[in-house]
Amino acid sequence: MVSQARKSELLFSGADWDFKKLSRAYEEIESIGVEELRLDIYPVQMEVISSEQMLDAYSSVGMPLMYRHWSFGKHFLYNELLYRKGARGLAYELVINSNPCIVYLMEENTMALQALVTAHAALGHNHFFKNNHLFRQWTDAGGILSYLDFAKSYISRCEERHGSAAVEAVLDSAHALMEQGVFRYHRPPKLSSEQQREGLRERLEYEERSYNDLWRTLPPSQGKNKPEAEDEGFAERKKSLNLPEENLLYFLEKNSLVLEPWQREIIRIVRVIAQYFYPQRQTQVMNEGCATFVHYTLMNMLFDRGRISEGAMLEILRNHSNVVFQPAFDDPRFSGINPYALGLDMMQDIQRISTAPTAEDRDWFPDIAGRGDWRDTLLDAWANHRDESFIRQYLSPTLIRKWRLFVLADGADEPHYEVASIHNERGYGKIRSALAQSYDVGATRPDIQVVDVDLLGDRHLRLQHNVKDGILLEDESRDATLRHIRSLWGYDVSLAAMDGETGAMLSERSTKEL
């Protein structure tokens with residue numbers, strides 16, 4: 001039983017919460033996070049939502065402020081069915097990478113759980129969003145909310161003016177191409193500010209006034225048939241169109257001859273949102289690991305200082321254990337490596353190596369072993385790494401043994417798997433490299449680029465898929481995607497699969513064949 005003296009120091013007692021308790025808990029958690037962990041966060045705006053509102057946010061790619069689309073309703077009904085049947089739980093919170101950082105808390109949470117998710121989202125995720133180099137480079141936290149508000153109202157106006165069916169047709173095709181609608185290797189422009197959006201309105205008005213439908217009726221030029229002329233023409237097209245182009249949505253937005261100005265703007269909206277989520281795909285282990293490490297550390301600090309009761313701490317630990325649970329590979333619940341579990345283990349391992357290293361740790365991590373400055377090491381990792389580089393640099397032999405990791409060689413021509421790397425000096429390095437490679441978005445996502453199109457000729461859009469490890473695209477998905485590209489481009493589209501190592505053509509598919 002908690003003594004009366006200690007009970008008076010508690011941040012809360014009982015399961016019920018109110019806004020006064022939430023505010024008091026946040027102030028204490030923020031104070032410890034900033035002072036003890038040296039976290040640097042955006043201002044926080046917390047909102048309490050119902051389970052239905054959480055389901056709605058699930059359906060619209062995790063963004064409560066989002067334009068309408070039929071697919072969001074489909075996802076809502078699917079998630080709601082699983083939730084009502086008990087086949088799927090809901091997230092305890094939702095956090096938006098924005099300035100201020102918006103944290104949505106479930107109203108069904110107990111007060112102990114509210115404190116846990118406040119530390120997780122309002123401190124952990126918030127710090128990571130603000131400081132990680134990918135988010136700093138590729139997203140504009142200060143502009144995303146106003147941009148989403150603009151996008152929602154703009155698409156609504158397009159539906160009123162052009163009809164829901166016409167708008168949904170553009171959105172369907174743009175959504176199908178979102179994976180290929182991001183810049184991976186150079187920095188895109190920032191999101192629109194108020195002044196930029198005013199310029200956008202003026203540009204759209206100008207384009208609508210000057211848009212000439214005769215462009216799509218221009219006949220193809222006959223051109224020259226000499227190979228030299230074709231080579232010169234290709235070089236000129238490549239230079240003028242900045243080919244090859246990795247961002248397919250960007251290319252269609254800027255160069256399609258059949259799109260009207262409002263359609264181009266919808267494609268741009270989808271492209272900007274795809275770019276906003278691009279860093280999150282590269283940092284799931286780090287982002288969730290950071291938030292989990294922060295909430296676990298802060299909750300234990302609060303308990304040690306007598307600010308949380310034993311009962312509340314038991315509830316917090318139970319929920320924490322559920323989050324970091326990692327099913328075995330032969331467990332029916334296994335769906336891959338739990339990013340919460342791997343991220344937390346690696347960050348706690350950095351803490352161990354910094355304070356109580358073994359001889360093995362000193363050999364593998366001479367720069368941090370025994371230095372005692374685990375906070376500086378974690379702050380530097382959170383700021384400067386993504387999943388692939390973080391695992392490649394910090395996954396230790398100790399964790400490899402704990403997780404029982406090894407590498408399987410799966411040759412297509414071989415009848416059996418082969419264990420290629422085990423727990424020895426050489427094997428640890430190969431296991432770490434193989435796991436890191438599996439988190440490299442550039443290595444796991446199809447590399448498809450626009451390589452050629454003659455805008456003054458037949459306007460045939462030629463795409464190239466640089467095939468890695470002989471893995472081709474699935475036929476049905478490839479053909480459906482080509483149809484979407486053709487609907488936005490307006491002319492024939494072909495996709496050539498080229499071996500990434502030899503340059504040999506493996507296959508080619510054209511919309512003429514569909």
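1. In α18, the buried residues (under 20% relative accessible area, with exposed meaning over 50% and partly exposed in between, for a 1.4 Å probe and protein chains only) are Asp387, Glu388, Ser389, Phe390, Ile391 and Tyr394. The helix is thus named from DSSP runs (H or I, at least four residues, for helices, and E, at least two, for strands, numbered from the N terminus), and α18 is mostly covered, with 6 of its 8 residues buried.

2. This is a predicted model, in which local features need pLDDT of at least 70 and side-chain atom pairs count only at pLDDT 80 or more, while totals for chains, interfaces and linings use all residues. Residues are numbered from 1 along each chain as its sequence is written, and side-chain values use heavy atoms, with hydrogens and water left out.

3. The cover over the buried residues of α18 includes α12 (261-282), α13 (284-304), α15 (339-355), α17 (374-384) and α20, where contact means heavy atoms within 4.5 Å. With α20 (residues 425-438), the axes of α18 (residues 387-394) come within 8 Å and cross at roughly 170°, which makes the two helices roughly antiparallel. Axes here are lines fitted to C-alpha atoms, for helices over the stretch in contact, with angles from 0 to 180 degrees between N-to-C directions; angles over 145 degrees count as roughly antiparallel, under 35 as roughly parallel, 65 to 115 as roughly perpendicular and the rest as oblique.

4. On the α18 side of this contact stand Glu388, Ile391, Arg392, Gln393 and Tyr394, which meet Arg432, Ser433, Leu435, Ala436 and Gln437 of α20.

5. The structure holds 22 salt bridges, each a side-chain nitrogen of Lys or Arg within 4 Å of a carboxyl oxygen of Asp or Glu. One of them pairs Glu179 with Arg445, whose closest N and O atoms are 3.1 Å apart; Glu179 lies in the loop between α8 (164-176) and α9 (194-210), and Arg445 in the loop between α21 (441-444) and β6 (447-452), 266 residues apart. Glu179 is partly exposed at 34% relative accessibility, as is Arg445 at 28%.

6. Arg352 and Asp361 also meet in a salt bridge (2.6 Å, N to O), in which Arg352 is partly exposed at 23%, whereas Asp361 is buried at 0% relative accessibility.

7. A further salt bridge joins Glu360 and Arg401 (2.9 Å, N to O), linking helix α16 (residues 359-364) to helix α19 (residues 397-403) across 41 residues.
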